[in-house]
Amino acid sequence: MKIRNRLTLISSATFGFVFIIASVLIYLAFYNSSEKVVFKELQKTCLLSGIYYLEKDELPHYEHSAIKEQFEENIQNDIVRVYDLNNTIVYGEKEADRNINPKELEFVRKNKKLSFKSNNHFYYGIFYNDNQGDFVVFVKTKSEVFKSQTNRLLVIMIIVLFAGLLLIFFLSRLLSNIAYRPITEVISQVNSMELNSLDQPISSSNTNDEVQDLITTFNNLLSRLSDTFAIQKNFINYVSHEFKTPLASISGNLEVFAQKDRTPEEYQKVTSEALENVYHIEEILNNLMMLSGLKTITPENETFRIDETLWNINDKIFEAYDRQEIRIDLEVKDEKLLSVKGSELQLQLALYNLIENAVKYSDGNPIKISLSETDGQLKITIQDYGKGILKEDLDYIQQTFYRGKNVGNVKGSGIGLSLATIIFKQNNIQFSIYSKENAGTLITLLFPKL
């Protein structure tokens with residue numbers, strides 16, 4: 001059953017249940033109060049009947065005449081019987097009533113009053129003491145008016161119940177459709193999605209409710225899925241490209257080499273080229289294994305000097321890249337800031353990748369590395385003045401296997417920057433990149449306080 005139908009049925013059932021309970025309570029309250037009113041009126045009629053029949057010899061004629069008029073007006077639908085001590089009817093209706101027996105008369109004499117219902121009549125009796133003796137006055141009235149009123153109320157409540165159920169059903173249906181509309185739109189957008197459109201988030205109506213939270217969560221999931229598919233695509237492209245070249249070189253050299261006998265020098269040359277390509281493949285695999293392993297291992301928490309790490313990297317870059325000029329400016333007054341916590345091996349790898357990229361894309365221009373302090377925190381900037389990163393590539397440059405469109409013939413795997421991003425995140429280091437095409441790139445690292 002769909003949610004909207006379930007909501008409609010639940011709201012209708014809830015209204016019906018609540019209305020029935022309320023109706024029963026109202027009906028019972030009305031029934032009891034109406035009974036009390038009937039018995040209250042019968043009590044008054046009993047007293048008036050006693051005065052009319054038993055006080056005639058004691059009241060002035062004009063007072064008794066007024067009471068007679070009132071008595072005749074009230075007694076139109078009632079039957080009065082006045083009993084003496086011998087349970088004999090002395091006034092009123094002379095025909096005996098089977099519901100008024102000596103037991104009831106004795107109860108009235110003892111308790112001064114009695115009220116009860118029997119068949120289609122209400123009865124009320126009172127004890128009346130007079131100079132002529134002790135009497136019991138009973139008044140009997142039909143319950144037709146009472147039943148008519150209560151039955152009319154019951155019919156009205158039943159009509160209101162069914163009318164209310166219909167109204168609540170259609171209103172609930174309408175409101176559930178309105179409330180469910182954002183979900184319907186989400187379902188429609190999800191059904192129209194294709195694998196190549198996962199990067200397009202679901203549009204929302206900004207309802208600021210649970211539906212909006214669901215849309216936001218789903219968009220986050222889509223973003224992660226899109227990134228995952230992009231990584232997979234880049235991974236396939238990367239592996240097919242990077243592995244294809246060395247493997248093709250190895251197989252091509254061996255095929256040519258096997259066609260005839262070779263000199264020892266030629267054997268040495270082919271072996272050397274094959275080993276170089278194997279080492280290249282091994283390096284690619286190591287990078288991939290390191291990338292996947294970084295996301296699962298627990299980061300270390302050792303303390304070391306970050307400036308010493310940078311000087312070690314500088315020495316390696318200097319040798320590997322034909323004495324590339326790197327300028328390191330130390331502007332930290334508090335030397336304690338130079339001692340950082342984390343994995344020295346990981347941070348050295350991450351910083352080496354960043355500095356190596358700066359060297360690769362600097363077009364031979366000097367590299368500037370600055371160590372300074374900001375609000376009690378160590379800040380490291382790496383600045384190059386090379387080709388920079390295209391604006392449309394900045395949002396994706398930290399993704400695994402992604403390479404900018406303007407890298408040209410510069411060799412790379414698209415792993416280094418993503419490795420560095422993961423390492424900095426694990427070591428709680430804020431990492432940001434600012435770049436402009438043909439103006440260079442500025443990388444900023446902000447280390448946490450110890």
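What is the helix and strand content over residues 153-171, and how far apart are the end C-alpha atoms? In this predicted model, residues 153-171 are 100% helix and 0% strand, with end C-alpha atoms 26 Å apart, where helices (H or I, at least four residues) and strands (E, at least two) are DSSP runs numbered from the N terminus. Residues 7-30 are likewise 100% helix and 0% strand, and their end C-alpha atoms lie 34 Å apart. Both stretches carry the annotation "transmembrane region" in an unreviewed UniProt entry; such annotations may be inferred rather than shown by experiment, and their positions are given in the numbering used here, with feature names shortened.

Residues are numbered from 1 along each chain as its sequence is written. Because the model is predicted, local features need pLDDT of at least 70 and side-chain atom pairs count only at pLDDT 80 or more, whereas totals for chains, interfaces and linings use all residues, and side-chain values use heavy atoms, with hydrogens and water left out.

The protein chain comprises nine helices and twelve strands, and 38% of its 450 residues count as buried, that is, under 20% relative accessible area with a 1.4 Å probe and protein chains only.

The axes of H7 and H8 come within 10 Å and cross at roughly 45°, the axes being lines fitted to C-alpha atoms over the stretch in contact, with angles from 0 to 180 degrees between N-to-C directions. H7 and H8 are therefore oblique to each other, a class left over once angles under 35 degrees (roughly parallel), over 145 (roughly antiparallel) and 65 to 115 (roughly perpendicular) are set aside. The axes of H8 and H9 come within 9 Å and cross at roughly 140°, so that H8 and H9 are also oblique to each other. In contacts (heavy atoms within 4.5 Å), residues of H8 including Leu-347, Ala-350 and Leu-354 meet residues of H9 including Ala-420, Ile-423 and Phe-424. Phe-424 itself touches Leu-347, Ala-350, Leu-351, Leu-354, Ile-429, Phe-431 and Leu-445, not counting residues up to four places away in sequence.

Methods
Buried < 20%, exposed > 50% of the residue type's maximum accessible area, 1.4 Å probe, protein only.
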